[in-house]
Amino acid sequence: MAVSSNLTAILNFVALMCSIPIISSGIWLASKPGDDCIHWIRWPLLFIGIAFLVVALTGFLGAYKKKEGLLGVYLVCMAMLIVMLLVLLVLAFVVTRPDGAYSIPQVGFREYRLEGFSSWLRDQVTGNDNWGKIWACLADTQTCSKLANRYFSAADFFAGHLSSIESGCCKPPIICGLQYSSPTTWIGSSNVAANADCALWNNDPRILCYNCDSCKAGLLENLRQEWRNVSIILIITLVVLIWVYLIACSAYRNAKKG
């Protein structure tokens, strides 16, 4: 029993350490440009990470005090949290798989079509109930105004590698046919028949293309890329947690037999 309890305590310490990358992933996602305007994105990972932390502490205490009841609760809760993390990862892969990006000849950046992304993700992020607040938040980030400090000519701009948000929100779609004056100022007559976003473009720094489908698509692409990056860390963490859980189950069964 002592050996099993010590082993379980060590495994719970590992599980406790695994909660750190989960919580950190939620905080990192919430701090990224654009993602910080989608407040709900941080909560699933933060909730699961904190829950893993609490459950691991419970298991650690149960092993230290040799309380089989606490260890039993720990194993049940840990199994539920592992399933929740697995479901979250599967959902993230499913909804972030579609890619609405398309290339433009002789231009260094890509543009994005809203229809190319998951319908579920579109509804959650770009619905009328949410977009007004996200629009205001994006304008407050000064993402677009900072482009003027990076690009000083049309040649530099069109050769630049804009982020998905910069490409979708800070300029009109190239198909609109407007002429470059500065990264956020475009002149000439717009071909409104080519794309609905062409009629929505405005040189006002608070408007620009924030209400365009291209901006919504750019935000979804940014979210898709960030979730893909986070998923790699979460998969590694999930594998470690499953390994810890299986060994803990074995140690618990041996303790019960002993």
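How many aromatic pairs does the structure hold? The structure holds 8 aromatic pairs, a pair being two rings of Phe, Tyr or Trp (its six-membered ring) with centres within 6.5 Å. This is a predicted model, in which local features need pLDDT of at least 70 and side-chain atom pairs count only at pLDDT 80 or more, while totals for chains, interfaces and linings use all residues. Residues are numbered from 1 along each chain as its sequence is written, and side-chain values use heavy atoms, without hydrogens and water.

**Aromatic contacts**

- Phe 109 and Phe 157 form an edge-to-face pair, with 5.8 Å centre to centre and 65° between the planes (planes under 30 degrees apart count as stacked, over 60 as edge-to-face, the rest as tilted).
- This pair links distant parts of the chain, 48 residues apart: Phe 109 lies in the loop between strands S1 (101-103) and S2, and Phe 157 in helix H6 (residues 154-159).
- The planes of Tyr 180 and Trp 186 stand at 90° with ring centres 5.5 Å apart, so this pair is also edge-to-face.
- Phe 109 and Phe 157 are buried (under 20% relative accessible area, 1.4 Å probe, protein chains only), and Tyr 180 and Trp 186 are buried as well.
- One aromatic cluster comprises Phe 109, Tyr 151, Phe 157, Phe 158, Tyr 180 and Trp 186.

**Largest pocket**

- The lining of the largest pocket has 16 residues, with Tyr 102, Tyr 112, Arg 113, Asn 195 and Asp 197 nearest the centre (a pocket is an open set of points on a 1 Å grid over the protein atoms alone, where a 1.4 Å probe fits, with protein on both sides within 12 Å along at least five of seven lines; lining residues have an atom within 4 Å of a point).

Methods. Helix = DSSP H or I, 4+ residues; strand = E, 2+ residues; numbered from the N terminus. Buried < 20%, exposed > 50% of the residue type's maximum accessible area, 1.4 Å probe, protein only.
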